[in-house]
Amino acid sequence: MSTSENKIVELAHYRPTDFVLERVDLTFEIDPTNTKVDARLIFHRRDGVDAAAPLVLDGDELTLSGLLLDQNEVPASQYTATAQSLTIRDLPESGPFEITVTTFINPQANSQLMGLYRTNGIYCTQCEAEGFRRITYFPDRPDVLAPYTITIIADKAANPLLLSNGNYLGGGNYDEGRHFAAWFDPHPKPSYLFALVAGDLGVVEDSFTTMSGRDVALKIYVEHGKEPRAAFAMDALKRSMKWDEERFGREYDLDIFMVVAVSDFNMGAMENKGLNVFNDKYVLADPDTATDQDYANIEAIIAHEYFHNWTGNRITCRDWFQLSLKEGLTVYRDHEFSADMRSRPVKRIAEVRHLKSEQFPEDAGPLAHPVRPTKYREINNFYTTTIYEKGSEVIRMIATLLGADDFKKGLDLYFERHDGDAATVEDFVKCFEDATGRDLSQFSLWYHQAGTPLVTASGAYDATTATFTLSLEQMVPATPGQPSKEPMHIPLSFALILADGTVATATGVTGGEVTGEVLHLTERNQTFTFTGIASRPVLSLNRSFSAPINLHLDQSPDDLAHIARHDPDLFARWQALTDLALPSLIQATRDLQDGKTVETPSALITALIETADDESLEPAFRAQVLTLPSEADIARELGRNNDPDAIHAGRTSVLAAIAEAGVSTFQSLFQTMRPDGAFSPDAQDAGKRALRNIALSYLTYAEQSPAPVAEAFSDADNMTDLLQALTLLAHRFPDSGETEGALGAFLTRFDANPLVIDKWFAVQATIPGAATLDRVNALMNDPHFTPGNPNRVRALVGSFAFSNPTGFNRADGAGYRFLASQILQIDPKNPQLAARLLTSMRSWRSLEPQRADHARSALLTIDRSATLSNDVRDIVERMLK
Ligand code: ARG
Ligand code: ZN
């Protein structure tokens, strides 16, 4: 991180270290402002390395306090120490030697939340990607693996709990009211997976018996008094462990698995070996304080971090260019887990919405980069939706290309061949090639070419020859550093749906490879001809979103409605309804800009209300269909010259037309769609709540009165319903007495629960319209707003910048100026958080000229600062390029 050295790291420069690390033995003497770290490291010179080569260790803001070589003090002439590195010369030519490094660090003053820091009195670490070098001088890179022994000494009263990776060795009392604990992790690991936790926490305990009959102790540590809110996370953990055994044959490999929830955390969670550290937002839940979305997130993130034990820890990354090797694969695994725990098509719809709203804009803007990048300036800026979500889609495509059985063969080979390795994306792909004999070289372009491919398709039916012809063209747009692209291997799942709703089976196909229901598009232009199609079919293409592409397929509203009614793939039905809705939303935006009145096509209205009424469809699916493309989706579709106010107004008028036509449907859904019995966070009940709540949202457009929503707010007996009512009040009737009352009541009730107060901040920060900036500014002075806490900042500043298109993109540019001043204030304390917030402006070039000008000025204000972190410097320069 931090200091703004203009150093680019390049994949092409990768080479292994000169010295091999054999063992790590760390002793921590915990102190709030002066923690002593003794690191004993055993190395030997790698075979063939020049005897004169020095040992160079990484540091970040460190001061060296002691240095021994084989227990003898090293003379000053033999080493050079700076804050960023420690270089030791004249080391033995062969055989192992021991280096002992002593540093003192200040956890209390560590506001970056990287390395060892203190949060709410708890000491904890975050070492990925390069935080370990803030603890001690070390070869801090993922291809240096060793077993670790850890001793922690701390004041016993303040820190009864002393945790690290691996298995507990023992502990006891020490001098002056202190005690110690020792841990040993037998699995060689890179430093980014190191963790230490010390403090006073409550615990929830359980156990799991693995497939080979070993007992594993499970412990989730949370603040005292919050133990009951960890029950769901524990249940999700046990289900994850079981699922990974059944689905992928992966068994846990230590005697204990621990999760610690902390309140100050830069990201979601971290998969440290045997000791996951979590943002408490993704652990704590009960019906009064967590929404259905919170429950789903907790389940997914608990699973994600647990799954990293194999995809990330047992097999790690050779270098940070390979980040998607662990992240893409682990996201794929957690998606599959959630799909098995919940409704597969509904889960897929949610994933694709997320991919399109977060990753597609990244891939279409100045921050676009390949899934396997070749250079970076600040690795923390590469924890992106491209690495995670597109990386997962690439693996999903491998599964689609190969089929389930061959995919499993390839993955089994990967686990077998690379267990214990620091591997590369190429190693991974090669396992699928070796296991199946399939050539994936063209497919690998998905890792190397950035940008969302555009596929243009058109179908034609010829009754005289009973053939259906599908012409496809692919184009991958230019992205930073990649002006021209090669054609990709794009797996397109498809069906030809006949008039009676059945799926046609062709007698033959020419023009390219087809395996089962998958077309393999490999050329720039390619035409597939299907024979033996007795009557005109409707083409359903890219079903289940088999490839992460933009698809241009001109289909009539009738054909889309046909897919929406008949496709056996529910995802395809949702996609068809979305494709039906988008042109109307775009037309509405244009009509309003041209001063015309908006006419919402009755075909769209009918299709939506028909779906809402269809009791054969699961409620969660119906809720997804009724949730129209967002303002951001419309902006992305428009692509350029965007006016967020017009988009908002256009979308609002379409919603109003649907609401008016469907008022009786929405009323009855609101009245009847309630789960029976006691609260359950399961997918079925959550689906009912989602459908009921979207019905209520339409009613606010039909009835134009806050009264029914205020009543729903009073009646709510769980956080999902309560928050939806609060959101509708605030967003639809911001100036009403009902809204003021509800915001006040909510604050009073949840005053002591910061995670819930975050929802209160976010609801207000996302009220549409220019007036919200003043409200956000006022909320910055609310005593609940603690600016050092990333969750608070994301709830207020982040929600405003990322999720309030009309408020943030105020025509006068005040939203951008606000964000710029926030970035400059946050950056010196927490550069990672500042850089992340700044990415909210990544689509600034697609705004209309006046707003784009204001956005550029705000970016230039940041750019002109002389003291930017490397993190923010990297983002702002790429955005202005
Ligand atoms: N490996 C973690 C996860 O995805 C993310 C940690 C990223 N941390 C960071 N400071 N960049 O589960
Ligand atoms: Zn991860």
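In which loop is the place of Asn120? Asn120 sits in the loop between β10 (115-119) and β11. Before I go on, some conventions. This is a predicted model, in which local features need pLDDT of at least 70 and side-chain atom pairs count only at pLDDT 80 or more, while totals for chains, interfaces and linings use all residues. Residues are numbered from 1 along each chain as its sequence is written, and chains are lettered from A and ligands numbered from 1 in the order in which they are written. Helices (H or I, at least four residues) and strands (E, at least two) are DSSP runs, numbered from the N terminus.

Back to Asn120. Its phi is near 50°, a positive value in a residue other than glycine. Asn120 counts as partly exposed, with 13 C-beta neighbours inside 10 Å. The cut-offs: buried needs 20 or more other C-beta atoms within 10 Å of the residue's own, exposed 12 or fewer, partly exposed is in between, and C-beta atoms are placed from the backbone.

Asp70 also has a positive phi, near 45°. Asp70 lies in the loop between β5 (64-69) and β6 (72-73), and is exposed, with 12 other C-beta atoms within 10 Å. One more backbone item: the peptide bond from Glu128 to Ala129 is cis, omega being near 0°. Ala129 belongs to the loop between β11 (122-126) and β12 (146-155).

Now the whole chain. The protein chain has 27 helices and 33 strands. The C-alpha atoms fill a box of roughly 90 × 65 × 60 Å along the principal axes. Of the 881 residues, 51% are buried.

Next, the annotations, both from unreviewed UniProt entries. UniProt lists "domain: Aminopeptidase N-like N-terminal" for residues 25-193. That span, residues 25-193, is 0% helix and 51% strand, with its end C-alpha atoms 15 Å apart. The UniProt annotation "domain: Peptidase M1 alanyl aminopeptidase Ig-like fold" covers residues 451-552. Residues 451-552 are 0% helix and 48% strand, and the end C-alpha atoms are 16 Å apart. UniProt positions are in the numbering used here, feature names are shortened, and annotations may be inferred rather than shown by experiment.

On to strand pairing, where two strands pair if DSSP finds at least two bridges between them. Four strands form an open antiparallel sheet in the order β29-β30-β27-β32. Its edge strands, each pairing on one side only, are β29 (514-515) and β32 (538-541). Strand β27 (residues 490-497) and strand β30 (residues 518-521) run antiparallel, joined by four bridges, and Leu492 stands opposite Leu519 in β30.

Last, β19. Strand β19 (residues 256-262) is mostly covered, with six of its seven residues buried. Strand β18 (residues 215-222) pairs with β19 in the parallel sense over five bridges, and Leu218 stands opposite Phe257 in β19. Strand β21 (residues 275-279) also runs parallel to β19, through five bridges; there, Val259 has Asn276 in β21 as its bridge partner.
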